[in-house]
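Please keep the sequence and the structure in view while reading.

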Amino acid sequence: MRIEALNVLIGQWTLTGRTNGAESDDIRGENTAVPLLGGRMLQLTGGIQVGEHLIESVELIWASGDGFRSHVYDGTSEPIEYRWAIRGNALIHAGLGMTYTGTISADGNTIIGRWDADPDRPDMAHAAYDAIMRRVR
């Protein structure tokens with residue numbers, strides 16, 4: 001699969017989300033995706049605020065086999081490995097025992113989905129949340 005399949009991510013995005021049991025959005029963030037190395041990789045940079053906790057990171061994504069792999073760097077530990085896939089209008093992002101499944105809008109400017117614990121990681125259920133990404137530009 002070619003990295004161009006993820007071109008829908010290129011641009012600036014805002015993120016809002018809601019953890020399980022929250023009555024209103026308690027997650028906010030923003031990120032920017034740009035192509036690197038002549039379009040052979042994507043770089044996502046940004047931050048997400050979950051309650052009082054701010055997480056800033058850089059993610060590098062590349063094509064690998066029938067999908068995509070990535071490393072996320074947050075400056076506090078070794079890189080974290082993630083996987084990406086796109087199937088029609090479904091975007092999948094998985095790693096650390098969690099998987100995000102989102103639906104890309106017809107105009108490509110909104111992605112609505114949810115992070116859920118992987119079946120073999122019930123210990124991550126507390127970290128599940130709904131997430132909406134909206135393209136700023």
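Strand β2, residues 27-36, and strand β3, residues 41-50, run antiparallel and are joined by 10 bridges. Within this pairing, Val34 stands opposite Gln43 in β3. These positions come from a predicted model.

## The nonpolar core

In soluble globular proteins, nonpolar side chains tend to be buried together. In this model, the largest nonpolar core has 29 residues. Those with the most contacts inside this core are Leu6, Leu9, Ile61, Phe68, Trp84, Leu91 and Ile111. At least two core residues are supplied by each of β1 (11-19), β2, β3, β5 (67-73), β6, β8, β9 and β10 (129-135). Strand β6 gives the largest share, four residues.

Leu91 shows how such contacts reach across the chain. When its neighbours within four places in sequence are left aside, Leu91 is in contact with Leu6, Leu9, Trp84, Ala85, Tyr100, Thr101, Gly102, Ile104 and Ile111.

## Aromatic pairs

A pair of aromatic rings is described by the distance of the centres and the angle of the planes. The count for this model comes to two aromatic pairs. In one of them, the ring centres of Tyr82 and Trp115 are 6.4 Å apart and the planes stand at 85°, so this pair is edge-to-face. Because Tyr82 lies in strand β6 (residues 80-87) and Trp115 in strand β9 (residues 110-117), the pair ties together parts that are 33 residues apart in sequence. Tyr82 and Trp115 are both buried.

Tyr100 and Trp115 also form an aromatic pair, with 5.7 Å from centre to centre and 45° between the planes; this pair is tilted. Tyr100 is in strand β8 (residues 98-104) and Trp115 is in strand β9, so that the pair links distant parts of the chain, 15 residues apart. Both Tyr100 and Trp115 are buried.

Which residues form one aromatic cluster? The cluster consists of Tyr82, Tyr100 and Trp115.

Technical notes. Residues numbered from 1 in each chain as written. Predicted model: local features only at pLDDT ≥ 70, side-chain atom pairs only at ≥ 80, totals over all residues. Heavy atoms only, no water. Phe/Tyr/Trp six-rings, centres within 6.5 Å; stacked < 30°, edge-to-face > 60°. Buried < 20%, exposed > 50% of the residue type's maximum accessible area, 1.4 Å probe, protein only. Pairing = 2+ DSSP bridges. Core = buried A, V, L, I, M, F, W, Y, C linked by side-chain atoms within 4.5 Å. Contact = heavy atoms within 4.5 Å.
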